[in-house]
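These are my notebook entries from going through the model chain by chain. I wrote down what I looked up and what each term was taken to mean.

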Amino acid sequence: MSAATVFGLCSAAAAGLGLYGLIVNPEPLRKIIAFNLLGSGIFIIFGVVARRGAAAALGADPVPQALVITGMVVAFSATALAVALVLRLFQGAGSTTLDADAPASAGTDPTDA
Amino acid sequence: MKFMLDIVTVTAISAGAFFFLAGTVGLLRFPDTLTRLHALTKADNLGLGLVVLGLLPQAGSLRGGFKLICVWLLVLLAGATVSQLIARAALANEANGQRGRPRTRARQDGSPT
Amino acid sequence: MTIAAALETVLAALILAIAIWTIAARETFAAVAGFVVYGLLLALVWVRLEAVDVALTEAAIGGGLSGVLLLGAAARLRATETRAVMERPDKILRLGAAILSATVAAGLAAGVLLLTDPAPTLASAAATNAAATGLGNPVTNVLMAFRATDTLLEKVVLLLALVGVWSLASDRLWGGFPGPRHQADPLGALAFLARLLPPVGIVVGIYILWAGANHPGGAFQAGAILAAMWLLVMMAGLTDVPPVSSRRLRLVLIAGPGVFLVVGLGGLCFGTAFLAYPVASAKPLILGIEAAMTLTIAVTLGLLVAGAPERRDGQ
């Protein structure tokens with residue numbers, strides 16, 4: 001079992017853990033962290049595919065690597081947008097609950113449009 | 001000659017690993033924030049310094065060795081600043097009465113416990 | 001089992017342990033700390049997978065900038081944690097989620113184990129076409145020449161995310177200053193670090209951009225480092241975030257994709273196709289695009305971490 005396969009299995013488990021955390025954790029910020037865990041695991045699987053494509057004196061196939069670099073930056077920008085949404089929800093509603101039946105408490109922004 | 005350099009590398013890196021182990025044990029076993037920071041700085045300064053010292057004979061060029069030393073200096077700078085900030089925050093928390101540092105209580109005759 | 005294989009197994013086990021800690025930790029602060037450690041360990045995994053460019057990106061963006069973003073949010077949302085404890089789902093939902101996650105993980109693991117042997121690869125195609133740009137780093141070749149449209153569109157996605165973050169401000173704050181005003185003791189440790197480290201960081205960032213042509217590095221990694229230095233200076237209170245309505249800021253933000261688009265249209269008008277570089281001037285063109293991209297990426301990443309406008313004037 002080569003190194004790439006070991007890391008592939010480990011990241012498959014990490015992706016499963018991220019999915020579990022995404023479903024189970026009630027706080028939106030924990031969900032965002034779990035989502036990032038899931039994404040990082042999938043990126044490592046890309047890396048395993050790249051490593052197995054080593055040829056022509058290159059250590060790894062460069063095309064999946066470039067895709068992963070692009071994906072990481074896009075995932076970070078999505079995370080930043082999600083965090084901004086959670087902070088705005090907290091400002092507007094006073095809590096970050098995603099429960100639709102929860103009583104709305106006063107937000108901290110009195111002139112909120 | 002190369003054998004001597006390898007001996008130096010193995011010895012220095014083993015010593016560095018020992019300091020990392022000591023720092024980790026201190027982090028887990030010490031009672032409060034300030035003593036844990038004290039243990040962590042041993043791992044940062046001495047542990048990483050010995051590892052870098054051990055890697056210098058293997059660097060292969062003067063520029064590579066210089067880069068290794070720069071890495072160590074940057075980690076020193078960042079570690080020192082972060083330790084200062086955490087320690088001041090811990091002191092401020094303790095002044096507010098929050099958890100973080102065990103208070104020494106005075107006995108009836110005034111001597112600390 | 002060789003020593004390298006043993007170390008890699010230990011690294012994989014450590015990553016799993018950190019992932020479990022990140023999901024199971026009680027406090028959000030501990031979970032964020034676990035996530036930052038996870039990102040740094042993943043950078044080691046990327047190095048073992050012979051993908052050093054990706055390792056740099058993971059350490060800078062996944063470990064560094066994501067950590068700053070999430071820590072800041074966790075600090076501001078500390079008041080909501082007690083409420084969230086009451087909402088933990090019941091056992092049935094957790095069991096169902098565990099079964100679903102285990103199935104997905106098993107499917108991914110089966111996919112990894114059943115990958116075809118010999119593996120299909122584009123490495124030989126990338127190597128044979130490397131003469132078209134004259135760059136020595138194959139990943140930079142792919143990013144800037146072979147799949148340049150992807151990179152251009154990704155810059156636009158970054159800008160769209162930033163516009164999305166800005167649009168979350170309330171109407172009366174539109175065009176204001178993002179995030180709270182950071183105050184730090186001007187004689188303290190943080191201000192000292194913010195005066196000492198950014199010059200080094202700027203040199204390192206520009207070096208990584210320049211070295212990305214022939215060695216691991218590139219525009220994204222350099223942009224992340226420059227963004228981190230800017231954020232450090234902002235958090236120490238040495239400078240304030242520019243207001244969202246600043247014209248100069250907006251010009252810097254569109255400089256990267258703008259230059260990229262102009263070069264692409266030049267390839268369409270004077271060359272064979274959109275984003276076709278003439279072989280003689282491919283390297284200077286690519287380096288020029290990368291320089292503009294680095295500036296835009298640095299400012300965009302910094303502003304994404306700074307957040308939506310929250311202050312009308314610079315108080």
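**Entry 1: a helix of chain B.** I looked up which residues of helix α3 of chain B are buried, taking buried to mean under 20% relative accessible area, with exposed over 50% and partly exposed in between (1.4 Å probe, protein chains only). I found B:G65, B:L77, B:G79, B:T81, B:S83, B:A87, B:A90 and B:E94 on the buried list of α3(B). This is a predicted model, in which local features need pLDDT of at least 70, side-chain atom pairs count only at pLDDT 80 or more, and totals for chains, interfaces and linings use all residues. Side-chain values use heavy atoms, with hydrogens and water left out, residues are numbered from 1 along each chain as its sequence is written, and chains are lettered from A and ligands numbered from 1 in the order in which they are written.

I noted that helices (H or I, at least four residues) and strands (E, at least two) are DSSP runs, numbered from the N terminus. Helix α3 of chain B covers residues 62–95, which is 34 residues, and reaches 50 Å from its first C-alpha to its last, close to the 50 Å expected at 1.5 Å a residue; the expected span is 1.5 Å times one less than the number of residues. I then asked what the buried residues of α3(B) pack against. They pack against α2 (33–55) of chain B together with α9 (189–211) of chain C. Just after α3(B), I saw that B:G97 takes a positive phi of about 90°.

**Entry 2: chain B against chain C.** Taking contact to mean heavy atoms within 4.5 Å, I found seven residues of chain B in contact with nine residues of chain C. The two chains bury about 650 Å² between them, 79% of it on carbon and sulfur atoms, where buried area is the accessible area (1.4 Å probe) that two parts lose on being put together, summed over both. B:L74, B:L77 and B:T81 supply 56% of the area that chain B buries against chain C, more than any other three residues. B:L77 and B:T81 were also among the buried residues of α3(B) in my first entry.

**Entry 3: chain C against chain A.** Which chains share the most contacts? Of the two pairs of chains in contact, chains A and C do, with 91 residues of chain C in contact with 82 residues of chain A. Chain C and chain A bury about 7,500 Å² between them, 77% of it on carbon and sulfur atoms. C:I23, C:L49 and C:L168 supply 9% of the area that chain C buries against chain A, more than any other three residues.

The count between chain C and chain A is one salt bridge, in which the side chains of A:R51 and C:E50 meet at 3.9 Å, N to O. The largest share of the side of chain C that touches chain A, 12 residues, comes from helix α3 (residues 52–76) of chain C.

**Entry 4: the remaining pair, and chain C itself.** I found no contact joining chain A and chain B, whose closest C-alpha atoms lie 21 Å apart. Chain C has 12 helices and two strands, and 48% of its 315 residues count as buried.

Technical notes. Salt bridge = Lys/Arg side-chain N within 4 Å of Asp/Glu carboxyl O.
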